[in-house]
Amino acid sequence: RELRGLHIGELNKVAPWTHQGGGTLKGAAPLRRAELTGGRKAPDPDKVDPLWKVQSFGFLPARDPVGIEALFGTVFEPFAEFCELLPALGFTGKFRQKLDGDPQLQARMLRAGELDALQELTDDQIERAFCVVGYTMIAYWRGGTLAFSSGVVAADQGSQRQLEGGSCGIDDTKVVLPAFLSKPMLRLSEHLKRPPMIDYASTVLYNWARIDKNGPITMSNVRCVVRLTGLNDEEWFFKTHVIIESEAAHAISAVIAACAADNDDELLNQLMLLEEAMWRVVRACLPIMYERDETGTPKCSEHIFYQILRPLIKSGPLTFDGDTQNMSEDGGSDGAAAPAPRSLAGPSGAMSSLLPAIDAACGIQMTSEKLRDTLGKFELSMPAGHREFLAEMRGTMSIRKRILLSRPVGGEPSEQHEALVRSFNRVISRVLDFRWQHWSYVKNFVMKPGNISHAVGTGGTTFDFLQQHITDTEKARIRSQCDGFSRMHSEPPELPPIRPPPDFAYKGRRDAPQKEFWSVDGDHGLLARQPLVSPETAPFSRNLSPPMLEAFQAVWNLALRIPALCAARGPFYDAINAASGKLAAMQDDRAVAGLSEVAREHLMTTLTHIAAGCVATGHKKPPRCVEKPLQVVARSVGRPPHMDFAELVLNNWNVSEIACVDRDDSQEEEQAANGKEVGPRFRHQVVWRFLAMPDEEWYRATHIIMHEEAREIVAAIRVGHVAMRDQNDIAAVSSMVRIGAWCNKFCDYFDAYFECKDSRTESVMVRRLEPFISHGGLHDLTSEETACWVYCMGSSVLLPALHAFFGVQMCPVMETDNPDVESLGATMRRTLQEARVFMPGPHREFIELLEKPGVSVRQYCFRRFGAKSVSVEVLHDLEAGYNDSLNTLVRFLSRRVHLVSRFFPPLAGTFGALNSDIEAAMQHSRLQLLKMRQRVFRSMQQ
């Protein structure tokens, strides 16, 4: 009755789960249906193949797992008898009391640890015994350790026990496993050559059974054999991984066939099957984890997993009584030799052989030594048959290397080779999709409920390796301009060099370049022409009257006090009023309007920060002594009197000399040896700030660097326009390649920061910044509008210019069934429209030039397609250059989404869905010039 009350093994009586793709874009081909195949049919139970032989069942066992009844009549029968009692007794800690108080039961269990205990058992029975003994060990080790699992004390008997170990609640676990449990577990571990701990194989690969023995492997026809709790959440979590492994069997079959293919036609066919199988795993299997019941309740709650299941199966140290192979050097308390604790890794998805096999087949390298060590430790928990299969795969030439070696001599185009490259890259895309979905598992089931960013998995390691593995997977693509060959038929012309930021001292410098303040063609890219410096050192100060110079200095001093006086709605407003006498010179409209452009822009940046500080402290607007000059200077520069990206980032920078301890002396010595003059070096710094915290500094500084380096983008666009005017196709392709290289460079730049930077305080930083940046503008911004502002970089011209040059919309109107995505898309388009008024004049002129009809490189490619004199080879290069560059832009946009997800965690899912729609629209915008030419020829022949 107790077991039935806990609903152990209760299944959802619904039809096999299927997922059908959403709507399609206008003019696009219908999307593939994502449906489960049900896996392979149940094999013959009398087959004598090795249990873990990798064949048509992928990494699932060659035969369906045997039940616990297979252990009845063996020395492991005492363990099997307790399997169905583990949830009821183990959770409360009564299981430990039962075993400790029953010497006869201990003696029966101890027989399973004898030398001949496994002699008469089959491989199936041994694998089931490892699973059963492992779960029994966990129930004894950690049973009753969760918060309130043993009840609470009465109020008059003292306070409730305090939790240890954070929200997981693990405290007072058993640190020494008695011999009647340790010896059987060590015996099984030695035989199977796996660590003595439940692993991925014992919790997933060999912990399921079909309800209908002849039915498919689906969520409704599979049940877990052994479990620790009576929660359906535990069963749903592990069964989802069973379905993944079952459906991935098709992918493994394709991998085996692809590696054995003796011709390119067969290889191409297997690559297509591999891509299809991985696509099905990503689209139909991985979303099962998030399925909800008819009431909208998750079938696997992330909070249940994090606070109840995860603490039971996580990694930890445990000492095995009688462990003669792991003795401590220090000995026991009496000085005699004693076993040392073993560091045990809990079950982890990284113990699955699926992705390591695909990595080996596709030639995906691991650049991180830490990653290799981590995965090497996880492989020790794989079945021996799986480890042998991986070793065999790694000793075989990878598919990637085979395709590279088969490329045509001299880079001549080959339709067969290009088809292989495209199919291979699609496989890499599916592997990336899988890894990103797995990363979403981590975020939703560990980071989100734990409110943490640097978490530890059940396997005992951090999740840093996931991001590194994603980066390594991206690098495995076969690119047209990389991997030792090029699809260009001739060398591109020598283009003007793109210089790095000038290294010279600004202090005391008076000879400013003769270009307008916001010129996009200057040395500082999209940044302001001159750094923001104090009034007494500014080049324009010599033309100021003494009263105006005093006013500038007063404004400067006020801005310096923003972090100190604005915190907790401090007295910043009163400090401005107290300094109003010094601002008298700025109350003269003509005097302010008559200032030089540099002075007015610097004043605009400083006053908007001061005004934002007033709004953040609870005032609707700043005092009159600040508001009046702000209105005048805003009209003179042609922008609203509110702070936006130009004031927050583009004109909010300075440079400082790098101290000797921070400089790369080896580089300077090399320059000196080559006869180059070595002078002082400088780094960019933020001038005005609101919070004075590292995250705010990081956000502004990274965007200052990015917009200065954007001079490469502007130069590439200028070269592209000249090339299009002259119909120089090679130079046009080179301009697109330059833009793609820039996007990839900054993707790697942000990836490096995302990997090493703690993100736990970033969302807090955004909430603290919202009073400054989300209010006091044209209208107050909602959280969604602020997130869109961050994604677009406010009034920055960078993203609009990239999209305009390629002739694609930044956020097109798309059909979607998700109202949140539709609303967010409308907000994004409105944000882009409103940002135009905040752009500096030359930046608006630049984007308006790019948006003129026929100016985009997309239109140029279409015009060249219509020219009869253009060869097929040239069309190929234009198509490849455009599509590759468009792919890098999509990659760059994904980093913007990643940034928004770190800053606005509640909006991560909606932004991810919107980005998927934008990516689909981008893919739909890819050029197909060669196919168009083929259609024209066929039409003419008819």
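# Helix packing, aromatic pairs and loops in a predicted model

The secondary structure of the protein chain comprises 38 helices and nine strands, where helices (H or I, at least four residues) and strands (E, at least two) are DSSP runs numbered from the N terminus. This is a predicted model, in which local features need pLDDT of at least 70, side-chain atom pairs count only at pLDDT 80 or more, and totals for chains, interfaces and linings use all residues. Residues are numbered from 1 along each chain as its sequence is written, and side-chain values use heavy atoms, with hydrogens and water left out.

Student: What percentage of the residues in the protein chain is buried?

Tutor: Buried means under 20% relative accessible area, exposed over 50%, and partly exposed in between (1.4 Å probe, protein chains only). The protein chain has 942 residues, and the buried share of them is 53%.

Student: Among contacts with a separation of 6 or more, what percentage comes from residues 24 or more positions apart?

Tutor: Contact means heavy atoms within 4.5 Å. Of the contacts in the protein chain with a separation of 6 or more, the share from residues 24 or more positions apart is 78%.

Student: Are α13 and α15 roughly parallel or roughly antiparallel?

Tutor: Two packed helices are described by the angle between their axes and the distance between the axes. Axes are lines fitted to C-alpha atoms, for helices over the stretch in contact, and angles run from 0 to 180 degrees between N-to-C directions; under 35 degrees counts as roughly parallel, over 145 as roughly antiparallel, 65 to 115 as roughly perpendicular and the rest as oblique. Helix α13 (residues 354–362) and helix α15 (residues 384–394) have axes 8 Å apart and pack at an angle of about 15°. That makes the orientation of α13 to α15 roughly parallel.

Student: How many nonpolar residues does the contact of α13 with α15 have?

Tutor: In α13, Pro356, Ala357, Ala360 and Ala361 meet Phe389, Leu390, Met393 and Arg394 of α15. Ala, Val, Leu, Ile, Met, Phe, Trp, Tyr, Cys and Pro count as nonpolar, Asp, Glu, Lys and Arg as charged, and the others, Gly among them, as polar. By class, the contact of α13 with α15 has one charged residue, no polar residues, and nonpolar residues numbering seven.

Student: How many charged residues are in the contact of α9 with α10?

Tutor: The axes of helix α9 (residues 232–247) and helix α10 (residues 249–260) come within 4 Å and cross at roughly 30°, which makes α9 roughly parallel to α10. Glu245, Ser246 and Glu247 in α9 meet Ala249, His250 and Ala251 in α10. The residues of this contact divide into two nonpolar and two polar, with the charged ones numbering two.

Student: How many residues apart are Phe690 and Phe772?

Tutor: The structure holds 29 aromatic pairs, where rings of Phe, Tyr and Trp (its six-membered ring) pair if their centres lie within 6.5 Å, and planes under 30 degrees apart count as stacked, over 60 as edge-to-face and the rest as tilted. Phe690 and Phe772 form a stacked pair, 4.3 Å centre to centre with 15° between the planes. Phe690 and Phe772 are both buried. Phe690 lies in the loop between β9 (682–686) and α27 (694–709) and Phe772 in helix α30 (residues 762–773), a chain separation in residues of 82.

Student: Why is the pair of Trp742 and Phe892 tilted?

Tutor: Trp742 lies in helix α29 (residues 729–756) and Phe892 in helix α36 (residues 872–903), 150 residues apart. Trp742 is buried at a relative accessible area of 1%, and Phe892 is buried at a relative accessible area of 1%. The ring centres of Trp742 and Phe892 are 5.6 Å apart, and the pair is tilted because the angle between the planes is 55°.

Student: Is Lys193 buried or exposed?

Tutor: Most residues other than glycine have a negative phi. Lys193 is not a glycine, yet has a positive phi of about 60°. Lys193 lies in the loop between α7 (179–192) and α8 (200–205). At 62% relative accessibility, Lys193 counts as exposed.

Student: What distance separates the C-alpha atoms of Pro571 and Thr617?

Tutor: Pro571 sits in the loop between α20 (562–566) and α21 (572–578). At 45% relative accessibility, Pro571 counts as partly exposed. Pro571 and Thr617 are 46 residues apart along the chain, and the separation of their C-alpha atoms is 8.1 Å.
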